[in-house]
Amino acid sequence: MSAAQLLVDNIKMSKMMTENLLADFSEQEMLFRPAKGANHAMWQLGHLAGSTWGMISGCDPTVKSPVSDETRFKKEAAGVDDPAKFPKKAEVMKMFGEAMDAAAAWAGKLTEADMAKASPERMHKFAPTFGNVAMLQAAHPMKHVGQYTVARRALGKPVLF
């Protein structure tokens with residue numbers, strides 16, 4: 001198995017776990033905060049979509065981000081709870097799914113030489129190479145999977161994984 005294929009498989013796994021953990025959340029539950037200061041799933045999912053598009057389009061200018069100007073999911077909006085300020089769950093799930101599919105497609109095209117290329121300056125601190133950026137597309141959603149799991153427990157939902 002190539003390194004690129006391993007990255008693709010991990011990105012797809014992160015997508016699947018995220019989608020499965022949030023599948024039974026209602027519109028209202030998407031805005032549930034399991035602890036004071038915790039982000040709700042709606043914001044996290046939009047944040048993941050936007051950051052995924054931002055990172056891969058930063059590495060490949062031919063990738064066009066449909067959510068690059070999205071402000072509802074910027075860090076400054078993490079404390080917003082008004083459902084009117086967010087799209088419906090289905091729209092945000094679609095945004096996330098499309099971003100993850102684009103990340104998998106981008107990672108799948110990376111050669112060993114591409115993986116060693118330096119990432120854009122703004123990413124150097126957390127992902128210094130294209131390979132690191134690709135790896136982050138799987139790792140970042142998994143950070144949020146843990147948060148969705150805590151929300152599921154607090155909402156009394158069944159354990160899935």
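User: Before we start, what counts as buried here?
Analyst: Buried means under 20% relative accessible area, and please keep in mind that this is a predicted model.

User: OK, so where does K15 fall, buried or exposed?
Analyst: K15 has a relative accessibility of 17%, which is under that 20% cut-off, so this lysine counts as buried.

User: And which residue does K15 meet in a salt bridge?
Analyst: The side chain of K15 pairs with that of D101, at 2.7 Å from N to O. D101 itself is partly exposed, at 41% relative accessible area.

User: How many salt bridges does the structure hold?
Analyst: There are seven salt bridges in the structure, and one of them joins K157 and D24 at 4.0 Å, N to O. K157 sits in the segment after α5 (130-154), while D24 is in the loop between α1 and α2 (41-59), so this pair ties together parts 133 residues apart in sequence.

User: How accessible are K157 and D24?
Analyst: K157 is buried at 15% relative accessible area, whereas D24 is partly exposed at 35%.

User: Switching to α3, where do E98 and K94 sit relative to one another?
Analyst: They are four residues apart in helix α3, separated by about one helical turn, and their side chains form a salt bridge of 3.4 Å, N to O. E98 is partly exposed at 36%, and K94 is exposed at 54%.

User: Which residues are joined into one network?
Analyst: D24, E29, R152 and K157 are, through salt bridges that share partners.

Key
Residues are numbered from 1 along each chain as its sequence is written. This is a predicted model: local features need pLDDT of at least 70, side-chain atom pairs count only at pLDDT 80 or more; totals for chains, interfaces and linings use all residues. Side-chain values use heavy atoms; hydrogens and water are left out. Buried means under 20% relative accessible area, exposed over 50%, partly exposed in between (1.4 Å probe, protein chains only). Helices (H or I, at least four residues) and strands (E, at least two) are DSSP runs, numbered from the N terminus.
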